[in-house]
Amino acid sequence: MSAPGSREGPGIGWNPRPGESESPLIQLTRTRFREFLREPEAVFWTFVFPLLLASGLGLAFRSRPNDVAKVGVLSTAPAASLVRDALAGDSSLTVVMLDDTSATTALRIGTVALVVVALDSQRVEYRLDRARTEARTARFLVDDALQRARGRANPVAVTEALVSERGSRYIDFVLPGLLAMNLMGSGMWGIGFSIVDARRKKLLKRFVATPMRRYHYLASFLLMRLGLMVIEVSVISAFGRFAFGVPMRGSVVAFAVACLLGALVFGSLGLLVASRARTIEAASGLMNLIMLPMWVASGVFFSAGNFPDAVQPFIQALPLTAVVDSVRGIMIQGLGWAALAPEFAIIAAWLVLSFGIALRFFRWR
Amino acid sequence: MQSPALALEVRALRKTFGTVVAVDALDLQVRSGECFGLLGPNGAGKTTTIEICEGLQEPDSGDVIVLGRHWASDERALRERLGVQLQETQFSEKVTVEETIALFRSFFRSGPAVEEIIGLVQLEEKRGARVGTLSGGQKQRLSVACALAGDPELLFLDEPTTGLDPQSRRQLWDLVERLRASGRTIVLTTHYMEEAERLCDRVAIVDQGRVIAIDTPRALIRSLGAEQVVEVEVSEGIAATPGLFDGTQGVLSARLDGPLWTLQVSAAHEAVPAVLHRVEEAGLSLTELRTHTPTLEDVFVSLTGRHLREQ
Ligand SMILES: Nc1ncnc2c1ncn2[C@@H]1O[C@H](COP(=O)(O)OP(=O)(O)O)[C@@H](O)[C@H]1O
Ligand SMILES: [Mg+2]
């Protein structure tokens with residue numbers, strides 16, 4: 001290499017200085033963060049969307065301890081007022097008086113769970129759809145209230161001790177699932193799209209024309225994912241904790257390791273998907289092909305146990321299943337390292353496999 | 001390290017894509033410190049040739065020696081010493097000019113400070129602007145800036161001014177001239193003959209994957225032997241009279257292209273009256289007459305019978 005200043009000429013008076021610039025890995029990683037943070041849509045899908053989804057699901061499936069069943073009483077029936085008075089004393093029931101047509105409509109659209117027709121002072125008829133859970137519940141409540149009002153005594157004395165355990169609600173089930181799903185989505189989209197885009201724009205080829213180390217380039221994506229993972233996981237789990245009281249029963253270290261492995265495995269799968277594709281369309285088709293089955297089968301929204309036994313081995317081997325099970329196991333069941341070992345082994349295997357294949361077949365030009 | 005006399009040597013280079021022969025038995029020698037141009041129409045094989053020299057494509061056969069080294073054995077060392085600008089790179093739109101240059105600077109062991117590069121390509125005012133907001137000319141200067149990040153001894157520029165407006169093109173020419181004056185070797189491709197004439201010490205005219213002429217622009221033009229080129233357009237329909245200007249005084253060669261005759265003449269003051277006389281004699285009417293000093297375009301036309309750019 002030439003000595004500093006040896007090729008100075010008119011207009012160029014610079015002195016090449018070795019080693020004054022930042023490390024290429026740091027520069028590449030900073031570029032990754034810039035590209036991400038300056039893309040408002042990406043920020044939305046990564047950070048805001050999972051919170052909206054969790055809020056929506058949390059509200060829709062919230063447990064209602066003081067649940068009130070709404071029942072109708074047919075106002076044209078002979079003994080309607082008798083029944084109304086009998087039911088009015090029960091705090092778990094709300095009673096509305098309905099005429100014939102509005103009773104039919106209210107039953108059909110579900111504004112009341114059941115309609116009571118008081119045929120006379122000795123006989124009542126319940127109109128309900130037995131397929132509906134709240135209708136069956138309402139039937140028991142109404143019947144109990146009516147029989148007690150007419151003097152039925154309980155042969156067995158019963159007292160209730162109410163428990164509402166954190167960790168057994170739907171939000172407790174679904175939040176770890178959403179967390180894992182988010183790691184998958186942002187890992188695969190975030191890495192896959194950036195790389196295919198760089199290839200399409202001949203930027204990859206331009207990098208290859210410099211002395212840049214290729215593994216620095218790929219590593220910068222994984223480092224970005226790790227950095228974003230810390231933020232994503234903190235935001236989602238803090239939200240679960242403070243908005244819904246979702247517990248963290250296991251060790252925080254195990255939780256961090258599970259999230260780290262999750263971010264790496266989906267980052268590597270993103271690299272793999274992007275390793276050959278030349279167009280965004282090809283890459284997104286491939287990504288949907290990989291992610292869609294896991295969204296459905298891996299137990300994000302409902303237990304993977306619902307699927308037949310014959311396909312269980314395949315479902316358990318999916319990377320998202322392993323990440324969902326380990327994150328959920330740590331948060332809700334407080335699983336320890338020994339119990340997590342099989343899941344971690346599955347994730348590690350996927351990680352090594354996909355990163356190795358991606359590195360081997362990566363198309364740089 | 002002593003620079004070898006030849007910065008780049010290419011021997012019997014061949015590259016095919018399926019049945020398309022992109023480069024065919026191509027030879028080149030680029031001397032250290034010169035600005036060397038590959039001039040040819042679209043599809044001539046310029047990009048393929050230059051990318052093989054840059055170690056970005058594999059040739060089917062032939063030898064490439066860059067700064068005295070081979071790609072197969074010295075890739076890393078070579079990458080530190082080369083500056084490469086590709087024909088169609090799009091840099092990340094969300095990243096600023098300064099950040100982009102700093103990124104490229106970090107890949108090289110030694111090189112100028114980012115500030116100095118920005119100053120050289122005159123993007124000081126756009127330092128903090130995102131790449132997506134730059135004009136075509138500014139993007140192209142950014143691309144050259146990134147190629148300069150390692151203070152290269154040998155700089156490859158593939159069609160640096162294609163698609164630029166005249167003012168941006170002149171700015172880029174100034175930049176290339178300053179780089180040439182600083183003593184580094186430059187290999188550039190272009191299909192603009194003005195660009196090759198103005199910037200290059202020597203030019204290889206490339207057509208269909210082969211070098212069909214190689215010399216200084218002046219020597220190439222002088223090889224035509226013509227002092228002036230006269231373009232004559234005669235009334236259409238009967239224009240295609242073959243041999244219309246054969247034997248006309250001062251006309252060295254004549255070529256018919258649509259309604260347009262292109263005549264290479266030795267002395268315009270003698271040839272033009274003779275040409276006018278000849279047109280009148282043939283009972284044709286003249287619709288246009290132009291003269292210009294010969295250019296590389298005329299060299300290309302006389303060698304291939306085609307124009308560099310299809311108009
Ligand atoms: N990757 C490729 N695949 C197929 N054909 C190609 C490829 N690259 C170049 N060619 C063909 O090779 C010829 C030379 O192309 P190129 O080197 O790009 O020419 P130029 O840069 O002079 O315009 C053209 O016919 C082009 O279509
Ligand atoms: Mg080209």
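Predicted model: local features only at pLDDT ≥ 70, side-chain atom pairs only at ≥ 80, totals over all residues.
## Overall form of chain B

Chain B contains ten helices and 14 strands. Its C-alpha trace extends over about 70 × 45 × 35 Å along the principal axes. The chain has 311 residues, of which 56% count as buried. Among the contacts in chain B with a separation of 6 or more, 68% are made by residues 24 or more positions apart.

## Helix 8 of chain A and its partners

Two packed helices are described by the angle between their axes and the distance between the axes. In chain A, helix 2 (residues 40-60) and helix 8 (residues 214-244) have axes that come within 10 Å and cross at roughly 25 degrees. Angles under 35 degrees count as roughly parallel, and helix 2 of chain A and helix 8 of chain A are therefore roughly parallel to each other. The crossing of helix 2 of chain A with helix 8 of chain A is right-handed. On the side of helix 2 of chain A, the contact is formed by Thr46(A), Phe47(A), Pro50(A), Leu51(A), Ala54(A), Ser55(A), Gly58(A) and Leu59(A). These meet Leu228(A), Ile231(A), Glu232(A), Val235(A), Ile236(A), Phe239(A) and Phe244(A) of helix 8 of chain A. By class, the residues of this contact between helix 2 and helix 8 of chain A comprise eleven nonpolar, three polar and one charged.

Helix 8 of chain A also packs with helix 6 of chain A, the two axes coming within 10 Å and crossing at roughly 155 degrees. Angles over 145 degrees count as roughly antiparallel, and helix 6 of chain A and helix 8 of chain A are therefore roughly antiparallel to each other. Helix 6 of chain A passes helix 8 of chain A with a right-handed crossing. The contact of helix 6 of chain A with helix 8 of chain A involves 16 nonpolar, six polar and two charged residues.

Asp172(A) belongs to helix 6 (residues 170-200) of chain A. With a relative accessibility of 0%, Asp172(A) counts as buried, and its side chain makes a polar contact of 2.8 Å with the side chain of Arg169(A).

Lys205(A) is part of helix 7 (residues 203-208) of chain A. Its relative accessibility is 12%, and because buried means under 20%, Lys205(A) counts as buried. The side chains of Lys205(A) and Glu51(B) are joined by a polar contact of 2.7 Å. When residues up to four places away in sequence are not counted, Lys205(A) touches Trp364(A) and Arg365(A) in chain A, together with Glu51(B), Leu56(B) and Leu86(B) in chain B.

## An exposed loop glycine in chain A

Gly305(A) is located in the loop between helix 10 (280-297) and helix 11 (312-317) of chain A. Gly305(A) is exposed, its relative accessible area being 54%. Its C-alpha atom is separated by 29 Å from that of Ser284(A), which is 21 residues apart from Gly305(A) along the chain.

Helix 3 (residues 97-107) of chain B has ten of its eleven residues buried, so it is largely enclosed by the rest of the structure. The buried residues in helix 3 of chain B are Val97(B), Glu99(B), Thr100(B), Ile101(B), Ala102(B), Leu103(B), Phe104(B), Arg105(B), Ser106(B) and Phe107(B).

In helix 10 (residues 296-304) of chain B, the buried residues are Leu296(B), Glu297(B), Asp298(B), Val299(B), Phe300(B) and Val301(B). At the start of helix 10 of chain B, a side-chain oxygen of Thr295(B) comes to within 3.1 Å of the backbone nitrogen of Glu297(B). After helix 10 of chain B comes Gly305(B), which has a positive phi near 75 degrees.

## Non-glycine residues with positive phi in chain B

Ala12(B) is not a glycine, yet has a positive phi of about 50 degrees. Ala12(B) lies within strand 1 (residues 6-17) of chain B and is partly exposed, with a relative accessible area of 43%.

Glu159(B), likewise not a glycine, has a positive phi of about 45 degrees. Glu159(B) is situated in the loop between strand 7 (154-158) and helix 6 (166-181) of chain B. Its relative accessibility is 3%, and Glu159(B) counts as buried.

Methods
Residues numbered from 1 in each chain as written. Chains lettered and ligands numbered in written order. Heavy atoms only, no water. Helix = DSSP H or I, 4+ residues; strand = E, 2+ residues; numbered from the N terminus. Buried < 20%, exposed > 50% of the residue type's maximum accessible area, 1.4 Å probe, protein only. Polar contact = N/O pair within 3.5 Å; in protein donor to acceptor, adjacent residues only side chain to side chain. Axes fitted to C-alpha atoms, helices over the stretch in contact; angles between N-to-C directions. Parallel < 35°, antiparallel > 145°, perpendicular 65-115°, else oblique. Left-handed = near helix turned anticlockwise from the far one by under 90°. Contact = heavy atoms within 4.5 Å. Nonpolar A, V, L, I, M, F, W, Y, C, P; charged D, E, K, R; others polar.
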